[in-house]
Amino acid sequence: MFGMTVFESVLERLKAEARQAAGEEAEDEAPDDDVQAEVRGLPSGFAGLGTGGAFVSGSQAAAAYLDLYEEPAPVEPEQPAPAEPPPPPPHLLRIAPEEVASDLGLDGRESVDELLARRRGFARENHPDRAPEELRANATLRMKIANMLIDETIRRINVERSLGLSR
């Protein structure tokens with residue numbers, strides 16, 4: 001065992017144990033040192049020491065395991081039950097100018113700043129980009145009516161100021 005690598009000495013010890021287990025007599029046989037060991041299977045991705053006996057490549061070993069492998073049944077993803085769409089916001093169904101005016105809460109005594117604040121608040125709740133797809137036309141119409149009402153009220157306030165009439 002001197003002059004051998006650790007790997008070679010382990011192999012020799014394993015060979016000796018295998019001979020003893022098989023009932024071989026170590027004295028009657030010639031030592032295996034004369035047999036040239038070669039590395040086989042490097043191109044196939046599996047390497048081992050062979051002595052000229054039967055040796056399988058890595059792809060052959062993989063094929064043997066794949067023969068035993070059973071493909072699992074594909075798992076069907078659970079489809080959630082289609083949820084009912086939420087009911088449309090009721091304010092988007094109100095498109096008459098009187099209804100939009102009551103939603104704005106206009107009473108004729110607002111200042112320009114109050115009107116602009118109400119326009120922003122109304123747009124926050126009624127803007128077409130935030131409305132469901134099927135109600136975007138209603139939301140657009142509501143915004144047009146609200147802008148028209150507020151713009152007309154601001155115009156009247158400015159006319160009254162220019163004429164010297166105060167509220």
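Why does Val-10 count as partly exposed? Its relative accessibility is 31%, and partly exposed covers the range between buried (under 20% relative accessible area) and exposed (over 50%), with a 1.4 Å probe and protein chains only.

The model is predicted: local features need pLDDT of at least 70, side-chain atom pairs count only at pLDDT 80 or more, and totals for chains, interfaces and linings use all residues. Residues are numbered from 1 along each chain as its sequence is written, and side-chain values use heavy atoms, with hydrogens and water left out.

Val-10 lies in helix H1. Helices (H or I, at least four residues) and strands (E, at least two) are DSSP runs, numbered from the N terminus. The chain has five helices and two strands, in the order α-β-β-α-α-α-α.

| Helix | Residues |
|---|---|
| H1 | 6-21 |
| H3 | 97-104 |
| H4 | 112-126 |
| H5 | 136-162 |

Helix H5 has 27 residues and spans 38 Å from its first C-alpha to its last, close to the expected 39 Å; the expected span is 1.5 Å times one less than the number of residues. Among the buried residues of H5 are Ala-139, Arg-142, Met-143, Ala-146, Ile-150 and Ile-157. An α-helix has 3.6 residues a turn, so residues three or four places apart point the same way. Helices H3 and H4 are included in what covers the buried residues of H5. Just after H5, Gly-164 has a positive phi of about 80 degrees.

Of the chain's 167 residues, 16% count as buried.

How values were computed:
Contact means heavy atoms within 4.5 Å.
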